[in-house]
Amino acid sequence: MDVSTYLAEGGTDIYCDLLVPRRVPVEVVFESPTIIAFWHSRPTHEYHFVVAPKRHVADIRSPDTDAIWADVLSALKAVLDLIPVTAAGGRVITNCGRFQQSKHLHFHVVGGRQLSS
Ligand SMILES: [Zn+2]
């Protein structure tokens, strides 16, 4: 199954269903026993990565985040380091509630120029 089909069929957790088990191709840039990070398949910026826990955590408000915060922060720092200094910095974004399309905690790490859509 591809991502478009998954979303069209109402899938709500692309991480547990497709990305973490690698049922679709992902270009991994960082991986630890608990965290995976990869290039976003539909980037909004020149550098656009996604960082997510491998096990299910609903969103940043979940009590389940307590056990993985140190791992998340290490991963975010490692992924931010992939953005070259010439890109003049990066941003870390996470969504919850109505702003969160996929109901699995994830962080967008972006940098460089914004891409037109
Ligand atoms: Zn999940």
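Q: How many bridges join strand E3 (residues 45-53) to E5, and how do the two strands run?
A: As a general idea, strands of a sheet pair through backbone hydrogen bonds, either parallel or antiparallel. Here six bridges join E3 to E5, and the two run antiparallel. Within this pair, Val50 stands opposite His108 in E5. Two strands count as a pair if DSSP finds at least two bridges between them.

Q: What kind of model am I looking at, and how are residues numbered?
A: This is a predicted model, in which local features need pLDDT of at least 70, side-chain atom pairs count only at pLDDT 80 or more, and totals for chains, interfaces and linings use all residues. Residues are numbered from 1 along each chain as its sequence is written.

Q: Which elements make up the protein, and in what order?
A: Helices (H or I, at least four residues) and strands (E, at least two) are DSSP runs, numbered from the N terminus. In this protein there are three helices and five strands, and from the N terminus they run α-α-β-β-β-α-β-β.

Q: In what order do the strands lie in the sheet?
A: The five strands form an open sheet, ordered E1-E2-E3-E5-E4, with antiparallel pairing. Strand E1 (28-31) and E4 stand at the edges with a single partner strand each, so one side of each is left without a neighbour in the sheet.

Q: What joins E1 to E2?
A: A hairpin makes the link through three residues. Three bridges join E1 to strand E2 (residues 35-39), and the two run antiparallel. In this pair, Val28 stands opposite Phe38 in E2.

Q: Where does UniProt place the feature "active site"?
A: UniProt positions are given in the numbering used here, feature names are shortened, and annotations may be inferred rather than shown by experiment. The unreviewed UniProt entry places this feature at His106. You will find His106 in the loop between strand E4 (90-93) and strand E5 (107-114).

Q: Is His106 buried or exposed?
A: A residue is buried if 20 or more other C-beta atoms, placed from the backbone, lie within 10 Å of its own, exposed if 12 or fewer, and partly exposed in between. His106 has 24 C-beta neighbours inside 10 Å, so His106 counts as buried. Of the 117 residues of the protein, 24% count as buried.

Q: Which residues is His106 in contact with, leaving aside neighbours within four places in sequence?
A: Two residues are in contact if their C-beta atoms, placed from the backbone, lie within 7 Å. For His106 these are Tyr15, Val50, Val51, Ala52 and Thr94.
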